[in-house]
Amino acid sequence: MADVTNAAFLELSGVCKGYGKGDARSEVLADIDLSVARGELVCIVGYSGAGKTTLVSLMAGLSAPDRGTITLAGKPVKGPSAERGVVFQNYSLLPWLTAFENVYLAVDQRFASWPKARKREHAEKHLALVNLAAARDKRPSELSGGMRQRVALARALAADPEVLLMDEPLSALDALTRATLQDEIARIWEQSKKTVVLITNDVDEALLLADRIIPLSVGPAATFGPAVAVPIPRPRDRKAMNHDARFKAVRNEVIEYLLGPGRRRGAADRAAAPVALANASDSDTVVAA
Amino acid sequence: MTTKAKFRFDASAIFLPGIGVLLLLLLWAITSSTLSKNLPSPAKTWEVSKPFVTAPFEKRGELDQGVARFAWYSLILVAKGYAIALLLGAPLGFILGWSKLFSKSFDPIIQVLRPVSPLAWLPLGLVLFEKSHPAALFTIAICAMWPTVLNTALGVRSIPQDYLNVARVLQLSPAKTFFKVLLPAALPYMFTGFRLSLGIAWLVIVAVEMLTGTPGIGGFLWQEYNSLIYEHIILCILTIGIVGFVLDRLMSAVEHRLKAA
């Protein structure tokens, strides 16, 4: 497995996914090709309702693609697995468990053979990693949105996944909390060097975090635009983002695709489709995403 | 300001129901002295019931016991029948909520059986078990279990997909998925079912005791009707009502704690 380091680690090729049958069918994702190297942090930036959540659930193995293949380290993805950790957009913490218990649930399952003390220590360590040691005995309802998302992040990291999939993890948070958590995700990624696929609708978030940004066109039948590398050394300074030429260049490239070909592609598809079908698939896409 | 508001609230919480009780007593007294001469007056009812209320646990004879003692017999019978109702109803509800196939197959049967009165089940119970005690338990259980079945099924159907996704992504074992995710998520709904089931079990007990002659508050009521001691009918009605009210309050206290957690 050592020789895979620079080759594709997580790979999607020709992946299509749609919902419904016959005339009511709407394609959500079409011809998705993605190859993520081990240790890489890739951000996928796209419109809301474009099928970003569908993409995450495909990679997580929660649903299967209609066509195409998804492989991790050469093995096909057949269902959910602890090797692919997921941070959900709405946190998805279990409200009847405390922050610690939520994390411990993942540890207990993943490292079932460990002695209890080691499992507890491992869970505590990951709560501390996201700066939540003090809130260990609080239930999700007693935590702020930002803290809940930290718990969700700790839960995903504590299971020590090969790949961390994050579905708009910060989009429900206010701007200040968002900025803090972006910095923390950057810091944690530097420490752990996990392979991360982060999905977002915020180009600046992608600029701060990503090795590579991949724009996702508007749906239905959303697909990837050309990937844009972010050759900016870390730690990146968010204050420099508005005047640093390198940031500007990358941002322009991404935005040009999203507002140009990325939007027209969807518009062209829609124009080609009968009106009723286009409307139906519009609403379907929103529900799916 | 707040203390004053609190004081006023407390006062009205005691006075207004007190006024309601007084009005009802007045109406009762007027009815018994004018419209219906057979209806014992409140004063007469109290006088005749006094030994049963002031010594509620007294046992003077098989048919002459304090109300609390009779209520206690009934409660024991209800507890047994209710336990059977929960043991059958909760798993049935879980399967019904979980499996669409099962739900489609059995939902119509449940909808047909649910409205059947205890008076109709009891003879079948007597035919099946040939003795009044198991027949009584059968009747209580089969009448009381439906709210538990339906609310448990609703609770299971209402488990958010997010929680199921978490269980799948973390690859929780079936046992852990059940105890850590499904059961806690469905529990508040289940408890609503448990509370409604207990209410029905308590309703059914009176009918069952009347028909089987089992000693208890319902049996006592029927026996006193046959002995023409009408005061005790009213005593029994009040006792049944108060016990039912207390049971419901206890259950909803537990339910609230569960929902708050």
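Helices (H or I, at least four residues) and strands (E, at least two) are DSSP runs, numbered from the N terminus. This is a predicted model, in which local features need pLDDT of at least 70 and side-chain atom pairs count only at pLDDT 80 or more, while totals for chains, interfaces and linings use all residues. Residues are numbered from 1 along each chain as its sequence is written, and chains are lettered from A and ligands numbered from 1 in the order in which they are written.

**View 1. A:Ala37 in strand E2 of chain A.** Let's start with one residue. Strand E2 covers residues 26-37 of chain A, and A:Ala37 belongs to this strand. A:Ala37 counts as partly exposed because it has 17 C-beta neighbours inside 10 Å. (A residue is buried if 20 or more other C-beta atoms lie within 10 Å of its own, exposed if 12 or fewer, and partly exposed in between; C-beta atoms are placed from the backbone.) A:Thr195 is 158 residues from A:Ala37 along the chain, and their C-alpha atoms are separated by 7.4 Å.

**View 2. A:Lys248 in helix H7 of chain A.** Look for A:Lys248 in the helix made of residues 245-259. A:Lys248 has 13 C-beta neighbours inside 10 Å, so this residue counts as partly exposed. Between the C-alpha atoms of A:Lys248 and A:Leu207 there are 9.5 Å, and the two residues are 41 apart along the chain.

**View 3. The largest nonpolar core.** A nonpolar core is a set of buried Ala, Val, Leu, Ile, Met, Phe, Trp, Tyr and Cys residues joined through C-beta atoms within 7 Å. Here the largest one has 139 residues, and those touching the most other members are A:Val103, A:Val197, A:Ile213, B:Ile140 and B:Ala201. Helix H8 (residues 174-212) of chain B supplies the largest share, 16 residues. In chain A, domain 1 (2-83 + 163-288) and domain 2 (94-160) both give residues to this core, so the core lies between them. (Domain bounds come from an automatic or database domain assignment.)

**View 4. The surroundings of A:Ile213.** Two residues are in contact if their C-beta atoms, placed from the backbone, lie within 7 Å. Leaving aside neighbours within four places in sequence, the contacts of A:Ile213 include A:Cys43, A:Val45, A:Ala206 and A:Val254.

**View 5. Helices H3 and H4 of chain A.** H3 (residues 116-129) and H4 (residues 145-158) pack at an angle of about 135 degrees, with their axes 9 Å apart. (Axes are lines fitted to C-alpha atoms, for helices over the stretch in contact, and angles run from 0 to 180 degrees between N-to-C directions.) This angle makes H3(A) oblique to H4(A). Angles under 35 degrees count as roughly parallel, over 145 as roughly antiparallel, 65 to 115 as roughly perpendicular and the rest as oblique. Among the residues making the contact are A:His122 and A:Leu127 of H3(A) and A:Leu157 of H4(A).

**View 6. Helices H3 and H9 of chain B.** Now turn to chain B, where H3 (residues 67-98) and H9 (residues 217-226) pack at about 125 degrees with axes 7 Å apart. H3(B) and H9(B) are therefore oblique to each other. B:Phe70, B:Ala71 and B:Ser74 of H3(B) meet B:Ile217, B:Gly218 and B:Phe220 of H9(B) in this contact. Buried residues of H9(B) include B:Ile217, B:Gly218 and B:Phe220. After H9(B) comes B:Leu228, with a positive phi near 65 degrees.
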